[in-house]
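Hi there,

Here is the structure I promised to pass on. Have a look at it first, and my notes follow below.

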Amino acid sequence: MDFHPQYWHWLVFGMVLVIAELIIPNFTIFWFGLAGIIVGGVLLLAPQTSFTWQLFLWAIASGGMTFLWFKLFKPLMADRTKAGISR
């Protein structure tokens with residue numbers, strides 16, 4: 001049995017992961033879900049994409065967005081105020 005996921009499989013998978021972020025409190029799984037939604041969009045535009053390439057795209061998008069989150073965006077969101085800190 002060969003499984004060829006449709007675009008909506010990836011969209012549902014991505015949405016489930018994004019919703020799971022409400023339960024899992026570390027904001028990492030969100031990027032995996034967003035990557036799944038991106039793969040669903042790519043598959044909608046190019047339905048002949050093989051499952052291997054879909055997984056590859058999902059892994060690259062997930063890794064890239066997670067890397068950007070931890071190295072670029074998260075440090076910018078750090079609270080740098082001195083309010084509430086005792087001397």
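Helices here are DSSP runs of H or I with at least four residues, numbered from the N terminus. With that numbering, Phe-3 sits in the segment before α1, which covers 7–20. Please keep in mind that this is a predicted model.

I'll begin with Phe-3. Its relative accessible area is 48%, so Phe-3 is classed as partly exposed; the partly exposed class lies between the buried limit of under 20% and the exposed limit of over 50%. Although Phe-3 and Phe-51 are 48 residues apart along the chain, their C-alpha atoms are separated by 8.3 Å.

Next comes Trp-10, which belongs to helix α1. Trp-10 counts as buried because its relative accessibility is 6%. Gly-40 is 30 residues from Trp-10 in sequence, yet the C-alpha to C-alpha distance between the two is 4.7 Å. Setting aside neighbours within four places in sequence, Trp-10 is in contact with a list of residues that includes Pro-5, Ile-37, Leu-43, Phe-51 and Trp-58. Gln-54 is also one of the contacts of Trp-10.

Is Gln-54 buried or exposed? Its relative accessible area is 3%, so Gln-54 is buried. The side chains of Gln-54 and Trp-10 make a polar contact at 2.6 Å. Again leaving out neighbours within four places in sequence, Gln-54 is in contact with Pro-5, Trp-10, Val-39, Leu-43 and Thr-49.

Happy to talk any of this through.

Best wishes

Terms used:
Residues are numbered from 1 along each chain as its sequence is written. This is a predicted model: local features need pLDDT of at least 70, side-chain atom pairs count only at pLDDT 80 or more; totals for chains, interfaces and linings use all residues. Side-chain values use heavy atoms; hydrogens and water are left out. Helices (H or I, at least four residues) and strands (E, at least two) are DSSP runs, numbered from the N terminus. Buried means under 20% relative accessible area, exposed over 50%, partly exposed in between (1.4 Å probe, protein chains only). Contact means heavy atoms within 4.5 Å. A polar contact is a pair of N or O atoms within 3.5 Å; within protein, one must be able to donate a hydrogen and the other to accept it, and residues adjacent in sequence count only if both atoms are side-chain atoms.
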